[in-house]
Structure formats: C-alpha cells, structure tokens
Amino acid sequence: MRYSGFRVIKEALTGHKGWTPAWRDPEPQSQYDIVVIGGGGHGLATAYYLAKEFNQKRIAVIEKGWIGSGNVGRNTTIIRSNYLLDGNEPFYEFSMKLWEGLEQDFNFNAMVSQRGVLNLCHSDAQRDAMTRRGNAMRLNGVDAELLDAEGVRKMAPFLNFDNARFPIKGGLLQPRGGTVRHDAVAWGYARGADSRGVDILQNCEVTGFRIENGKCLGVETSRGFIGAKKVGCAVAGSSGKVMSFAGMRLPIESHVLQAFVSEGLKPILPGVITYGAGHFYVSQSDKGGLVFGGDIDGYNSYAQRGNLPVVEDVCEGGMSLMPMIGRARLLRMWGGIMDMSMDGSPIIDRTGIDGLYFNGGWCYGGFKATPASGWCFAHLLATDAPHPTATAYRFDRFRKGLMIDEKGMGAQPNLH
Amino acid sequence: MIINHPLLGPRDSQEFTYLGDAGLIERPDWQAEDAADAFYEYLYLRDNPAGLHKELWYHEQGDRSWLVVTRNISSHEIISVELARDVARQKGRSK
Ligand SMILES: Cc1cc2nc3c(=O)[nH]c(=O)nc-3n(C[C@H](O)[C@H](O)[C@H](O)COP(=O)(O)OP(=O)(O)OC[C@H]3O[C@@H](n4cnc5c(N)ncnc54)[C@H](O)[C@@H]3O)c2cc1C
C-alpha cells in the first residue's frame with residue numbers, strides 16, 4: 001500500500017478500516033541468499049538497498065527482539081556530515097544526500113528536518129580547529145559556515161555567552177544537518193524492504209554460525225538453523241558478542257551511552273546545539289521535549305542502562321551552556337550499548353571467513369550513517385567490493401597503522 | 001558503582017579513571033619474532049565478553065593505585081577487586 005495525503009483523507013472518510021500492517025511476520029525459511037543479522041537501522045537499510053538497488057532476492061533480516069529495539073530507537077536523532085578526515089567525510093556526505101531524498105524514496109514520513117547543527121567554540125585554538133574542519137568540509141563539497149559570537153547570538157540569544165571560564169567565541173554551523181524521527185527510520189526501511197520481499201524475522205536470536213572449511217553456511221538461531229550463501233552482521237553494540245560466535249576478536253569495546261528528554265516545551269531551540277567546553281548536545285523534538293546527551297559512561301557495558309555520575313555531568317554541561325534549561329523538568333532517560341571502535345570510526349568489511357561480512361564500530365554516531373551504511377554494506381554483500389565512499393573502513397587498517405582517528409585519542413575507545 | 005578498594009575500602013567509581021581490559025598488564029615482548037602481530041593484538045583486539053570482565057581502574061582521585069576489578073558488564077555487578085600490582089606479581093612480573 002502506498003502512503004499519501006490522498007490515502008489519509010480516504011481512510012479518514014471510511015473509518016480507517018483499510019490500513020494493513022506495515023510489514024509481514026513470516027516464518028523463517030530454511031535457506032536464503034543473504035541473511036542480515038540485526039534489525040536496527042543499519043540491518044534494515046542494508047536489506048532495503050540489497051533488494052531495491054542491487055536486485056538481490058531471498059533476503060532475511062534476523063532480529064533477536066523487535067525491530068528498532070536497539071540503538072536506532074534510542075539515539076538523540078542528530079544527523080550531520082561535519083567530519084574532518086578524508087576516510088570519513090565523503091561517506092557521511094553520501095549519507096546526508098540519502099537522508100535528503102529518503103522519505104520520497106521509501107514512501108514513509110521519517111520527519112527528516114534539516115534545522116542545522118551548530119558546534120560552539122570557546123577559545124581561539126578551538127576556533128582555529130573549527131576553521132580547519134569547516135575548510136575540510138567545503139573541500140568535500142559540504143556546507144559549512146563559521147560564525148562569530150554575534151552570529152551565534154542572533155541564532156541562540158539564550159546561551160551563556162559571557163561565562164568567565166568558557167565564553168562563546170563563535171561556532172561552526174552546518175545548515176543541512178538536523179534531526180530525524182529515529183523509530184520512523186527503522187519502520188520506513190522495514191516496510192520498504194518487506195514490500196520488496198525481504199523476510200523480517202523478529203524474536204529470532206542468532207546464537208552461532210555454521211562454519212565449515214572456512215566458509216559460513218548460515219546461522220544457528222533460537223528458531224532453528226537458517227542457511228545462507230552470505231551472512232552480514234550489523235548488530236551494533238552486540239558486535240563483540242555475536243562475532244565471538246565465529247571465533248573473532250574485534251577492535252571494538254561495548255560501552256553505554258545515555259540520553260535524556262525533558263517535558264514538552266514551546267519551541268525554544270532553533271536546531272541542534274553542541275557545547276564545545278564540555279560534552280553536551282541538545283535539540284528540541286517536534287513534540288517539544290528537549291532531547292540531550294553527553295559522554296558515554298566510560299566503562300565496558302552491555303547493560304543498556306547507565307549510572308548517576310554521568311547524569312550529573314550531562315546536566316552540569318546543560319546548565320553551563322544554557323542556564324534556562326534548569327527550569328525544565330526531566331521526563332525520561334535511558335541507555336544504549338555502543339560499539340566503540342579503537343579509532344572512533346566504523347568497519348564495513350569482509351571477515352577472514354568466506355561468506356561472512358561485518359558492519360559495526362559505529363560508536364555513538366551511527367544513526368546519521370544509517371542510509372549510507374546500509375547502502376555500502378549492501379554494495380559489499382552484493383558485489384564483494386567496497387563502495388567507493390567506504391574503502392577506508394577496513395579491518396586491517398589497525399594492523400597497517402591507517403587509523404581514521406577524528407579525535408586523535410588513540411586506541412582508547414572510551415575517549416572517542 | 002562502588003569499588004571496594006583492597007586498601008581503602010568502598011570508594012565511589014567517580015574517583016577512578018578507566019583503562020579497559022586487564023589483559024593490558026601483559027605487554028608483549030618487543031624483541032620476540034612475532035612482536036608486530038603480538039602488539040597489534042595487544043593494542044587493538046578485545047574479547048569484549050557480555051559477562052565477567054577483568055578490567056583496569058586507576059584511583060586517580062585517591063591513592064593512585066591501579067586495580068583489577070572483576071565485573072559483570074551485563075549487570076554492572078562488581079565481583080572482586082585486587083591490586084593490579086598483586087595480579088602482575090602472580091603472573092611473574094617484578095612489579
Ligand atoms: C543514547 C544514544 C544516543 C545516540 N545519539 C546519536 C545521534 O544523535 N546521532 C547519531 O548519528 N548516532 C547516535 N547514536 C548512535 C546510533 O544510534 C547507533 O550507532 C546506530 O543506531 C547503530 O546501528 P543500528 O541502528 O543498526 O543499531 P541497533 O538499533 O542497536 O541494531 C542492532 C540490532 O541487532 C540486534 N541483535 C543483537 N544481537 C543479536 C543477535 N544475537 N541476533 C539477532 N539480533 C541481534 C539488536 O536487538 C538490535 O536491534 C546514539 C546512540 C545512543 C545509544
């Protein structure tokens with residue numbers, strides 16, 4: 001069924017009796033051409049593009065819970081392509097371009113809103129670094145504007161400009177950045193994939209791989225063995241656990257990141273604002289809640305919940321950036337498990353095992369990457385060659401010293 | 001989380017900084033034939049288990065000792081805490 005304004009009116013006039021489920025709930029088949037593990041944004045996007053752009057058939061997505069129960073439904077919804085390094089920037093800009101056409105492409109309202117992402121700077125050195133980043137973005141054909149303090153004041157007069165320790169000196173604005181309704185991304189891709197014949201198998205946990213003579217023949221699951229010519233793993237925070245079933249150790253640690261939403265308020269924030277003197281980022285959802293977050297908790301975790309010290313730290317960041325936030329009450333908070341890689345950048349690559357492919361290491365920035373990650377992983381699965389924008393996301397970059405370390409932190413995942 | 005420091009008793013985890021997998025104590029021999037491979041694995045690859053995890057915490061805001069904490073990382077429950085010094089000595093290191 002195609003969704004449209006006309007359809008909404010027609011259904012409204014006929015008692016909403018014509019809506020059907022947005023995707024099927026099929027029984028697993030014994031054999032597929034391609035199995036994608038993980039019904040998060042990346043897994044569903046991969047299946048969607050495999051079917052739509054790469055003409056693949058007999059595809060399944062295997063999800064241990066319900067689709068969208070992982071990070072795709074837990075993130076703070078920020079999309080941007082303001083990276084510095086060559087290995088990253090073309091990939092994230094490819095993603096941004098896909099976001100711009102996504103809703104028409106998969107016929108679903110994902111509330112893609114390019115309301116701008118503003119990164120603030122608080123010292124001359126930080127402004128120099130932002131100038132460099134902005135120039136790198138422009139060299140890659142991406143929009144970037146350097147604002148002085150007055151320019152920031154025009155956009156967001158409520159910020160704490162004259163803080164004695166961290167005055168706001170300006171900021172780097174990406175006008176095309178913004179936010180997207182996160183669950184709708186999972187639903188839109190799921191519906192688009194399903195309508196092209198992809199089986200979405202929920203409540204089906206992968207518990208092992210069947211590997212013979214160095215070749216992956218399929219996956220063991222809580223609903224039995226499912227054979228596949230190719231298996232792609234896109235399980236984000238569970239990457240370490242799932243790939244250990246194939247005997248692999250990854251350049252990844254799992255960490256917990258928390259997010260927070262305030263009560264609904266009238267519109268006060270123009271776009272996404274990030275604090276440069278502490279780790280704090282905030283935007284306002286269309287329902288009015290302030291959506292914000294900060295650092296990961298900093299220790300390995302698979303618990304999907306964080307601890308109070310980070311809550312305090314995030315709230316302190318909020319108070320020092322925009323004191324008016326102290327008047328808002330916190331409504332909800334939660335945690336998600338991040339696949340933190342050793343250089344802060346992702347991996348989309350083959351493994352040493354024939355027929356087994358890996359997508360992960362997204363750290364806390366993988367939501368914005370969803371469309372490009374799905375496209376590039378589909379490209380790899382379908383053609384056995386990396387997509388041109390994802391050639392740097394290889395496993396062997398660590399061995400070869402070709403790290404893509406945006407923050408220059410080294411092999412210390414909790415600092416990326 | 002409360003870390004039960006072997007010398008100082010229960011301390012708030014906020015007083016510590018976190019380094020990661022306690023396997024980092026076992027630095028490879030840089031003169032070995034396979035040193036390049038060993039250092040690649042040492043530096044970059046992790047078991048990252050969804051259960052018990054031995055990890056290094058540094059008491060930065062306290063007595064500056066390194067601890068090996070055994071923690072269930074699926075529940076955050078701390079099982080045991082040892083001085084990293086003792087753990088390293090058990091492995092035959094001088095300090
Ligand atoms: C609090 C928070 C805030 C964030 N904010 C942002 C942001 O503002 N911008 C941004 O770009 N990114 C952000 N991120 C990061 C982003 O959400 C993730 O990088 C991205 O969603 C990961 O990809 P995914 O959607 O495929 O992951 P998930 O949605 O986690 O998908 C993985 C799926 O695999 C399933 N799975 C796991 N194990 C198995 C198994 N054994 N068998 C079958 N299925 C399995 C899980 O149930 C899960 O559904 C944030 C993350 C968090 C937690």
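Predicted model: local features only at pLDDT ≥ 70, side-chain atom pairs only at ≥ 80, totals over all residues.
Biologist: What pattern of strands and helices does chain B follow along the sequence?
Modeller: Chain B holds two helices and six strands.

Biologist: What percentage of the residues of chain B count as buried?
Modeller: The C-alpha trace of chain B spans about 45 × 30 × 20 Å along its principal axes. A residue is taken as buried when its relative accessible area is under 20%. Of the 95 residues of chain B, the share that counts as buried is 43%.

Biologist: Which strands are at the edges of the open sheet in chain B?
Modeller: The open sheet has four strands in the order E3-E4-E5-E6 (chain B), with antiparallel pairing. An edge strand pairs on one side only, and in chain B that holds for strand E3 (17-21) and strand E6 (77-83).

Biologist: How many degrees does the twist of that sheet average from one strand to the next?
Modeller: The sheet in question is the open one of chain B, ordered E3-E4-E5-E6. From one strand to the next, its twist averages 30 degrees.

Biologist: Which residue is the bridge partner of Trp57(B) in E5(B)?
Modeller: Strand E4 of chain B covers residues 52-58 and strand E5 of chain B covers residues 66-72. The two run antiparallel and are joined by seven bridges. In E5(B), the partner of Trp57(B) is Leu67(B).

Biologist: Why is strand E1 of chain A described as largely enclosed?
Modeller: Strand E1 of chain A comprises residues 31-37. It is largely enclosed by the rest of the structure because, of its seven residues, the number buried is six.

Biologist: Which residue stands opposite Ile37(A) in E11(A)?
Modeller: E1(A) pairs with strand E11 (residues 224-233) of chain A in the parallel sense, over six bridges. Within E11(A), the residue opposite Ile37(A) is Cys233(A).

Biologist: How far apart in space are Gly227(A) and Gln412(A)?
Modeller: Gly227(A) lies in strand E11 of chain A. It counts as buried because its relative accessibility is 0%. In sequence Gly227(A) and Gln412(A) are 185 residues apart; in space, C-alpha to C-alpha, the distance is 37 Å.

Biologist: Is Met1(A) buried or partly exposed?
Modeller: Met1(A) lies in the segment before helix H1 (5-13) of chain A. Together with Val8(A) and Trp19(A), Met1(A) forms a nonpolar surface patch with about 270 Å² of accessible area. Its relative accessibility is 40%, so Met1(A) counts as partly exposed.

Biologist: How many residues apart in sequence are the parts tied together by Arg223(A) and Glu27(A)?
Modeller: The side chains of Arg223(A) and Glu27(A) meet in a salt bridge at 3.6 Å, N to O. Arg223(A) is partly exposed at 32% relative accessible area, and Glu27(A) counts as exposed at 60%. Arg223(A) is in the loop between strand E10 (215-221) and E11 of chain A, and Glu27(A) is in the loop between H1 and E1 of chain A, so the sequence separation of the parts tied together is 196 residues.

Biologist: Which strand of chain A holds Glu263(A), the salt-bridge partner of Arg329(A)?
Modeller: The closest N and O atoms of Arg329(A) and Glu263(A) are 3.4 Å apart. Arg329(A) counts as exposed, at 60% relative accessibility. Arg329(A) lies in the loop between helix H8 (308-321) and strand E16 (330-341) of chain A, 66 residues away in sequence from its partner, and Glu263(A) lies in strand E12 (residues 252-264).

Biologist: Which residue forms a salt bridge with Asp396(A)?
Modeller: Asp396(A) counts as partly exposed, at 24% relative accessibility. The closest N and O atoms of the pair are 3.0 Å apart, and the partner is Arg394(A).

How values were computed
Residues numbered from 1 in each chain as written. Chains lettered and ligands numbered in written order. Heavy atoms only, no water. Pairing = 2+ DSSP bridges. Axes fitted to C-alpha atoms, helices over the stretch in contact; angles between N-to-C directions. Buried < 20%, exposed > 50% of the residue type's maximum accessible area, 1.4 Å probe, protein only. Patch = residues over 30% accessible without salt bridge, like charges linked within 9 Å, V, L, I, M, F, W, Y side chains within 5 Å. Areas by Shrake-Rupley, 256 points an atom, 1.4 Å probe, with all protein chains shown as cover. Salt bridge = Lys/Arg side-chain N within 4 Å of Asp/Glu carboxyl O.
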